Amino acid sequence: MQGMIKQLFTSTMALCGAVVWLAEPCAAAANWQTNMDRVLNTAQAKGRTALVEFTGSDWCPPCIHLRTQVFPTDEFASFVRDKKLLLVELDFPRDASKLPAEQAAHNEKWRVYYDVNSFPSLLVVDGKGAPYGVVNGADKTAAEYLVRLERELNRKTEVEAKLAQAANLQGVERAAAEAEAIQYMPMEWRMLHEGVVQDIIANDPEDTLGYRRFREETALTKEQMQELNKVFSKYSGDMSDEAREASLKEALQLLEDDRWMPVPRLFLNKFISDTYALQRKDIDNVHKYLKAAVESAPESAEGKRLRPWLENLERNMDEIKAHIRAKEEEQQKKAAE
C-alpha cells in the first residue's frame with residue numbers, strides 16, 4: 001500500500017513540473033523555460049506569443065514577489081493557457097554560482113539585445129523575437145498584474161492588424177502606415193522588427209521617415225561600442241597608478257576624435273569620470289566628465305540611468321571636497337610626524 005501511495009505521489013509531482021509551489025494547487029504550475037532560442041523557434045513554428053521575464057531571483061524584491069505571489073496562481077496559469085503563451089525566464093542572480101556560465105552568457109546576450117535595465121521586466125515578443133510591449137515591476141495581486149499584461153497583448157494584436165492593412169498599400173503611403181503601426185515603441189525596439197523596417201526603407205526611397213538613417217547610425221554605434229570595449233577591457237580589474245594614468249591618457253585622446261556616436265561618446269566620458277573617481281582626488285573632473293556623459297545621449301537608457309548619479313554628485317560636491325581635503329590634511333600630518 002505504501003508503495004502505491006509513493007508511486008501516486010511521485011507521478012503527481014512530475015505532472016506539476018520541475019518547480020512545485022507548495023502553497024499553491026498543482027494546476028497553478030507554469031512551464032517556464034530558460035532557452036530563449038528554443039522558445040522562439042517553437043513560437044514561430046506554431047504562431048504563438050512568448051513572454052520573456054528578466055528577473056533577479058535572489059536580490060530583486062518585486063521579482064521575488066512575482067515568483068511567489070503572482071506566477072504560481074491559478075489566475076496566471078489560466079491566462080497563460082487560454083492565450084497559448086510560451087514562457088521564458090532569464091535570471092540575473094547576484095550569486096553567480098546559481099547559474100552555469102553558459103546560461104548566464106545566454107541571458108546577458110538577450111538583455112543587451114532588448115536593452116533591458118529594469119527588473120523585473122516581462123516582454124511580449126513574437127516568434128522572430130520582435131518586441132511589442134513590456135510590463136515592468138510587480139503588482140500586489142495576479143489580477144492587477146494580468147490587467148497590464150492583457151493591455152500589452154492587445155497592443156500586439158492591434159499592431160499586427162495595422163501591419164496587415166498596410167500591406168494592401170503601396171509606396172510611401174505603405175511605409176507611413178507601417179511606421180505609424182510601430183511608432184509607440186522606442187526606436188531601438190522598432191529596429192528589431194526587421195521585416196517591417198526593411199519594408200519601410202524599401203518603400204521610402206527618400207528616407208522621409210528616417211528609418212534608413214537610424215539603422216545606419218545604430219550599426220555604426222554597435223561597431224564603435226565594440227571598439228571601445230576592447231579599450232576598456234585592457235584596463236579592467238585592479239590597476240597600478242601607472243596603468244590608471246595610461247588608461248586616462250588613452251581615453252582622453254580618443255575623446256578628441258569627432259567620429260563618436262552619442263552612446264559611445266557617453267561611455268567614453270563615463271570611463272574617464274570613473275577613472276578620475278578611482279584617484280579619489282579630482283572631484284571636479286569626475287563631475288565634468290559625468291555631466292558630459294549624460295549630455296552626450298540624454299535620452300538613451302544609459303543617459304537616463306546616469307542622471308540621478310549626476311544629480312546626487314552635484315548635491316554633495318561641497319561635502320565630498322571637504323572630505324577629500326580632510327583626508328589630505330590627515331595624510332600630511334602623519335607624514336610630518
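At 8% relative accessibility, Glu152 counts as buried. Its partner is Arg155, and the closest N and O atoms of the two sit 3.4 Å apart in this salt bridge. Arg155 is partly exposed, at 26% relative accessible area. Both residues belong to helix α6 (residues 142-166), where being three residues apart puts about one helical turn between them.

At 33% relative accessibility, Asp37 is partly exposed. This is a predicted model, and in it Asp37 pairs with Lys109 in a salt bridge, with 3.7 Å between the closest N and O atoms. Asp37 lies in helix α2 (residues 36-46) and Lys109 in helix α5 (residues 101-114), so the bridge ties together parts that are 72 residues apart in sequence. Lys109 is partly exposed too, with a relative accessible area of 45%.

## From α10 to a loop

Glu227 and Arg259 form another salt bridge, their closest N and O atoms being 2.6 Å apart. Here the pair links distant parts of the chain: Glu227 is in helix α10 (residues 211-234), while Arg259, 32 residues away, is in the loop between α11 (241-255) and α12 (262-279). Glu227 comes out as partly exposed at 32% relative accessibility, and Arg259 is partly exposed at 35%.

## The wider picture

How many salt bridges does a search of the whole structure find? The count is 20. Some charged residues join up in a network of salt bridges: Glu53, Arg67 and Glu89 are linked this way. As a general point, side chains of opposite charge can pair when their charged atoms come close.

How values were computed:
Residues numbered from 1 in each chain as written. Predicted model: local features only at pLDDT ≥ 70, side-chain atom pairs only at ≥ 80, totals over all residues. Heavy atoms only, no water. Salt bridge = Lys/Arg side-chain N within 4 Å of Asp/Glu carboxyl O. Helix = DSSP H or I, 4+ residues; strand = E, 2+ residues; numbered from the N terminus. Buried < 20%, exposed > 50% of the residue type's maximum accessible area, 1.4 Å probe, protein only.
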